[in-house]
Each structure stands twice: as structure tokens, then as C-alpha cells.
Amino acid sequence: MKKILTSITCICFASLFLTSCIVSKKKYLAEQARANAEHANSVQLGKDLADEKATNVKLNGKINDQNATISGLNGEIANLNKRIARLKDSINLEENTVYELNSQVNDLGNENKRTKKQLNSTNAQIEAQRQRLEQLQALIDQQQKATEALRKKIADALQGFNSSELTVTMKNGRVYISMQEGLLFPSGSAVVNPKGRDALSKVASVLNTSKDINIDIEGHTDSLPIHTKMYADNWDLSTARATSIAHVLIDDYHVVPAKLVASGRSEYDPVATNSTPEGRAQNRRTEIILEPKLDELMQLMEGKK
């Protein structure tokens with residue numbers, strides 16, 4: 001019985017051992033499978049980690065490249081900002097320049113308008129001046145013709161006298177009737193002799209038919225001094241002779257007194273040398289100077305017309 005129990009016990013123990021061995025093997029295999037799986041996972045994780053590291057390295061490289069690119073872009077942006085700032089300054093400068101240029105253009109436009117206005121005014125003045133000059137020239141021509149006509153009348157009236165007694169010339173727009181002392185006066189006297197009166201009558205006949213004539217009578221002497229009871233010097237004698245002729249023209253031949261001016265020039269307006277008798281004889285003369293009135297001409301010259 002004891003052997004049977006022992007046998008049974010051994011069988012039970014063996015059964016339990018076998019059961020236990022079977023269970024442990026399963027666990028072992030399961031653990032081994034799990035361990036293998038974990039190892040495979042670990043290997044995969046290692047590979048993934050390595051891949052991640054490689055990816056990170058690449059990403060870091062890209063990041064570094066991007067950072068470098070960003071840095072470069074930031075530098076370019078900074079440069080662009082500087083260029084923008086310079087362009088803004090340049091634009092402001094150009095705007096100021098444009099403003100100044102526009103201002104200058106406006107000033108030039110205004111100056112051009114003023115210049116055109118002045119030019120138009122100048123052209124008008126030039127035209128007015130041209131017209132005045134034409135009128136003036138026409139009047140001068142008219143005066144010259146009138147003076148020449150007057151000279152011819154006087155010369156025709158005095159044809160009976162020779163050149164040693166008197167001359168009729170035209171000078172500076174005037175008619176000069178130059179009468180020698182021998183024709184008009186005795187030596188040292190201011191009394192007109194008959195032949196002189198005859199010559200003066202012929203001159204008066206022209207003067208009385210000619211309107212608008214100014215008449216200057218000038219007495220002249222030589223340089224030899226004179227001192228008599230009648231005349232203190234040559235001034236007195238030359239003035240007395242001019243006045244005497246004026247009286248003959250006015251009193252005897254009715255020339256309008258308002259037309260006449262009588263004056264003495266003494267020895268100070270000679271026509272020849274006083275160092276010879278012939279020269280002194282030419283200087284002893286009385287001149288009747290006729291000039292057509294220039295009122296219209298003077299008014300034109302003064303701008304009254």
C-alpha cells in the first residue's frame with residue numbers, strides 16, 4: 001500500500017512537474033517571443049532613431065541653410081531698406097528739385113510775359129519813334145526847301161550887287177546875307193548910306209512877303225580897336241550898326257519888329273584873318289540871318305505832336 005501511495009505520489013509529482021515544465025516552456029517561449037519582438041522593436045526603434053537623427057541632421061542642415069538664407073535675406077532687406085531710404089531721400093530731393101524747377105519755370109514764364117510785354121511796348125515805341133523820325137525828316141526836308149527858296153528869292157532880289165559888296169549863302173538851315181562895311185556904312189560910323197538903304201529895301205521886299213521867318217541882325221568888326229566920342233569900343237560900334245539896320249528895316253520898309261533881333265559880335269566872330277588889310281575888310285561886315293520858324297519842328301522834337 002505504501003508502495004502504491006509512493007507510486008501514486010511519484011506519478012502525481014511527475015505529472016505536476018511535467019505540467020509545470022509545459023507551462024514554463026510556454027511562458028518562456030512567450031517571453032522569448034515577446035523579447036524578440038521587443039528586440040525587433042528596439043532594433044526598429046534604433047533604425048527609426050537613426051533615421052530621425054539623420055533626418056534631424058538634414059533638417060538641421062536645412063535649418064542652417066535656411067538660417068543662412070534668412071540671414072542673407074535679412075542683409076538684402078537691410079540693404080533694400082537703405083536703398084529705399086536713399087530713394088526716398090532722392091525722391092524728396094527730386095520733388096524739391098521739381099518744385100524748384102517748376103518755380104523757375106513759372107518765374108521764367110512770368111519773365112517771358114514781361115519781356116514780351118516790354119518787347120511789344122518797345123516795338124510800339126520804335127514804331128512811334130520811326131513815325132516821328134519820318135515826320136521830322138519830312139519837316140526838315142520841308143524846311144530845307146523853304147530855306148533854299150528863301151535864299152533864291154534874296155539872291156534874285158540882290159542881283160544888282162557884286163560879291164565884293166555882299167554875298168547870299170545858306171548854312172546850317174539858315175540864309176546868310178553878309179554885307180560889307182563899304183556897302184552900308186562910312187568907316188567908324190553906324191549911319192546907313194544910300195546904297196546900303198537900296199540893298200536893305202530889296203531885302204525888305206522879300207521879308208515882307210515871306211511869313212514865319214526869324215531875322216537876326218549881327219554887327220561884326222575887325223580887331224583894330226576904336227575909341228571915339230560915339231563908340232567906346234568895337235562892341236559899341238557892332239551893336240550900333242546892327243541896331244541901325246534894324247531901324248531902317250522897321251521904320252523905312254515896315255518889316256515886323258517882332259521878327260527882328262539885333263546884336264553886336266564885335267571882333268570875336270571873324271571870317272578871315274585880322275593880320276591883313278584884306279582879311280580885316282572881310283571881317284567888317286553886317287549879317288542878316290534868315291531862318292524859317294521851326295515851331296512845328298521843335299514841337300515834334302519835344303514830343304508835343
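A residue is taken as buried when its relative accessible area is under 20%. Ser 266 has 1% relative accessibility, and therefore counts as buried. The model discussed here is predicted.

The protein comprises six helices and five strands. Along the sequence, these elements follow the pattern α-β-β-α-α-β-α-β-α-β-α. The protein has 305 residues, of which 24% count as buried. Among contacts with a separation of 6 or more, 69% join residues 24 or more positions apart.

The five strands form an open sheet. Their order is β1-β2-β5-β3-β4, and the pairing is mixed. β1 and β4 (260-266) are the edge strands, each pairing on one side only. From one strand to the next, the twist averages 20°.

Two helices were examined against these strands. α3 packs on the sheet and touches β1, β2, β3 and β5. The direction of α3 makes about 165° with that of β2. α4 lies across β3, β4 and β5. Relative to β4, α4 runs at about 155°.

β5 pairs with β3 in the antiparallel sense, over eight bridges. Within this part of the sheet, His 220 has Arg 285 of β5 as its bridge partner. Asn 214 stands opposite Glu 291 in β5. β5 also pairs with β2, again in the antiparallel sense, over six bridges. Here Leu 290 in β5 is the bridge partner of Val 175.

Eight of its eight residues are buried, so β5 is largely enclosed by the rest of the structure. Both faces of the strand are covered. On one side, Arg 285, Glu 287, Ile 289 and Glu 291 are all buried. On the other, Thr 286, Ile 288, Leu 290 and Pro 292 are all buried.

The largest nonpolar core has 31 residues. Met 179 and Leu 290 are the residues with the most contacts inside this core. Eight elements are listed as giving two or more residues to the core: α1 (2-157), β1 (166-171), β2 (174-180), α2 (181-184), α3 (194-207), β3 (213-220), α4 (234-252) and β5 (285-292). α3 gives the most, with six residues. In soluble globular proteins, nonpolar side chains tend to be buried together.

Backbone geometry was considered next. Most residues other than glycine have a negative phi. Asn 172 is not a glycine, yet has a positive phi of about 55°. Asn 172 is found in the loop between β1 and β2. With a relative accessible area of 70%, Asn 172 is exposed. Ser 266 likewise has a positive phi of about 55° although it is not a glycine. Ser 266, however, is found in strand β4, and is buried at 1% relative accessibility.

Aromatic side chains contribute two further features. The structure holds one aromatic pair.

Notes
Residues are numbered from 1 along each chain as its sequence is written. This is a predicted model: local features need pLDDT of at least 70, side-chain atom pairs count only at pLDDT 80 or more; totals for chains, interfaces and linings use all residues. Side-chain values use heavy atoms; hydrogens and water are left out. Rings of Phe, Tyr and Trp (its six-membered ring) pair if their centres lie within 6.5 Å; planes under 30 degrees apart count as stacked, over 60 as edge-to-face and the rest as tilted. A nonpolar core is a set of buried Ala, Val, Leu, Ile, Met, Phe, Trp, Tyr and Cys residues joined through side-chain atoms within 4.5 Å. Buried means under 20% relative accessible area, exposed over 50%, partly exposed in between (1.4 Å probe, protein chains only). Helices (H or I, at least four residues) and strands (E, at least two) are DSSP runs, numbered from the N terminus. Two strands pair if DSSP finds at least two bridges between them. Axes are lines fitted to C-alpha atoms, for helices over the stretch in contact, and angles run from 0 to 180 degrees between N-to-C directions. Contact means heavy atoms within 4.5 Å.
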